[in-house]
Amino acid sequence: MDINTTLGPLLIGTLIATFLSGMNALQTILYFRLYPEDTIRIKALVTVIWILDVIDTAFIWVTLWWFFIENFGRMPEINPEQNPEFLPGIFVLTFINTLVAHMFYLRRIFSLSHQNVWITTPVLILGLCRVGSGIVNIVVSLNFQSLSQFLASGFQVKWVLFLSYVLAAATDFAIMVTIIALLWLGRRQSISLGNVLNQLVLYTIEAGVLTTFTAIAVVIAWRVQEHSLTFFAISLFLPKVYAVTLLGSLNLRHQLRHTRNPQISQDWNMTDVGDTPMRSRGLSDMEFRSRTTMTQVNETDSVPMV
């Protein structure tokens, strides 16, 4: 087993995955500090994502410990038959994280489309195909007891892995395009939330391109270097990418509130000049501005996050 094409990529992938895991921990802390008023369902989702991320990181480092510490000095002889959970473990955690992220965004599409099943169903079908291929991928990986055995397998076996990541990339791309289209339609109907929706579109593009590119990179790395663990290295941090983008979409609301503030200040100035009916309601300047602020913030919070 060549260390340069196996343990080297594994080490780099572990370091990137650990860095992203730290970002997820920070995003989780920020979420609970910024949004204590969120529903139990959303809080439970964030908690599950963080727990899965911690388990994934721990699993990766246990595997790395086995390679670099327990077998230190015997690298050319390593054939991890004693660590058979390595392959299915990565596939299981990647499958769960991908499933959670896709279901989250599917619900957003369903909400943005005003519960239109004709818009949601095509993306749902792609997601279900990804689920099916992921389950088959896990079952197939259980038949391998070593990395060398897996790397030596032919295309007849590896095509399941290939199909799984292709479907993941296709689902990510479909979700991105659908949400962008729905947000642009919403922008035409709500001029007052134009800047907010523009930021949502921009974030959707960034998150969608990031997850799609990462899934495609796994496939490309595998096709270019079939007997290398480069594609495994990318697989290690793919679940982290899904978690980062999902938690980022939830924490984006804080930035959107500040995006609305300059417009709110302009509205107040216009009201001070010529909005005498508001004065006739018996509200002081402070009361009026306070109520206006609460109205705008609530309006911003009602925008579906992506």
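**View 1. Lining of the second largest cavity by residue class.** In this predicted model, the lining of the second largest cavity comprises four nonpolar, three polar and one charged residues. The residues concerned are Phe95, Thr98, Leu99, His102, Met103, Gly127, Arg130 and Val131. Two elements, α3 and α4 (117–141), each give two or more residues to this lining. The largest share, five residues, is provided by α3. The space inside the second largest cavity amounts to about 50 Å³.

View 2. Of the 14 residues lining the largest cavity, Tyr105, Ile175, Ala207, Gly208 and Thr211 are the closest to its centre. Two or more lining residues come from each of α3 (86–112), α6 (155–189) and α7 (194–224). With five residues, α7 gives the most to this lining. By class, nine residues of the lining are nonpolar, four are polar and one is charged.

**View 3. Crossing of helices α1 and α2.** Helix α1 (residues 7–34) and helix α2 (residues 40–70) have axes that come within 10 Å and cross at roughly 155 degrees. Because of this angle, α1 is roughly antiparallel to α2. The crossing of the two helices is left-handed. Residues of α1 in the contact include Leu7, Leu10, Leu11, Tyr31 and Phe32, while those of α2 include Trp50, Trp61, Leu64, Phe67 and Phe68. The contact of α1 with α2 consists of 15 nonpolar, seven polar and two charged residues.

Conventions
Residues numbered from 1 in each chain as written. Predicted model: local features only at pLDDT ≥ 70, side-chain atom pairs only at ≥ 80, totals over all residues. Heavy atoms only, no water. Axes fitted to C-alpha atoms, helices over the stretch in contact; angles between N-to-C directions. Helix = DSSP H or I, 4+ residues; strand = E, 2+ residues; numbered from the N terminus. Parallel < 35°, antiparallel > 145°, perpendicular 65-115°, else oblique. Left-handed = near helix turned anticlockwise from the far one by under 90°. Contact = heavy atoms within 4.5 Å. Nonpolar A, V, L, I, M, F, W, Y, C, P; charged D, E, K, R; others polar. 1 Å grid on protein atoms, 1.4 Å probe; cavity = no way out; pocket = protein on both sides within 12 Å on 5 of 7 lines; lining within 4 Å. Points joined across faces, edges and corners; volume = space filled by probe spheres on them.
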